[in-house]
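Reader: I would like to learn how to read a sheet and an aromatic pair. Can we work through a case?

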Amino acid sequence: MEYINAIGRRKSAVARVYVSEGTGKITINKKDLTEYFPSAILQYVVKQPLALLNVAEKYDVKVNLDGGGFTGQSQALRLAIARALVKINAEDKKALKDQGFLTRDSRAVERKKPGRPKARARFQFSKR
């Protein structure tokens with residue numbers, strides 16, 4: 001097995017993932033996972049698809065992450081890893097889909113409308 005690549009997006013974050021057989025090392029933008037995401041919650045989010053299939057120590061994951069904030073990046077990375085795992089073994093698709101790891105979360109910031117302070121908020125109305 002060479003590299004299996006996949007892409008994941010969330011808000012404005014884009015994660016390009018390259019999965020190969022290895023020892024379970026996750027490298028993000030040439031940094032270790034714990035260095036890039038110091039928060040244990042975000043590390044957990046990234047590892048969810050690997051933990052679900054019990055393959056965390058079976059594959060090495062190299063990631064190019066850009067755009068967005070840390071939460072969006074971690075969720076984009078989760079989607080990319082899940083897609084790569086489905087490319088490796090199509091039988092895992094049902095388990096990942098049931099947990100919602102293959103669904104692209106399309107929510108994004110709504111644009112600001114002209115003549116308003118924010119997307120939906122209006123300036124305070126004064127009768128007099």
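Reader: Which residue stands opposite T27?

Author: Strands of a sheet pair through backbone hydrogen bonds, either parallel or antiparallel. Here T27 stands opposite K62 of β5. Strands β3 (26-28) and β5 (59-66) run parallel, over 3 bridges. Strands are DSSP E runs of at least two residues, helices H or I runs of at least four, both numbered from the N terminus. Two strands pair if DSSP finds at least two bridges between them. This is a predicted model, where local features need pLDDT of at least 70, side-chain atom pairs count only at pLDDT 80 or more, and totals for chains, interfaces and linings use all residues. Residues are numbered from 1 along each chain as its sequence is written, and side-chain values use heavy atoms, leaving out hydrogens and water.

Reader: In what order do the strands lie?

Author: The order is β1-β2-β5-β3-β4, in an open sheet of mixed pairing. The edge strands, β1 (4-10) and β4 (31-32), each pair on one side only.

Reader: How do I read an aromatic pair?

Author: A pair of aromatic rings is described by the distance of the centres and the angle of the planes. Rings of Phe, Tyr and Trp (its six-membered ring) pair if their centres lie within 6.5 Å; planes under 30 degrees apart are stacked, over 60 edge-to-face, the rest tilted. Here Y36 and F37 pair edge-to-face, at 5.0 Å centre to centre and 90° between the planes.

Reader: Is F37 buried or exposed?

Author: Buried means under 20% relative accessible area, exposed over 50%, partly exposed in between (1.4 Å probe, protein chains only). F37 is buried because its relative accessible area is 1%. Y36, at 21%, is partly exposed.
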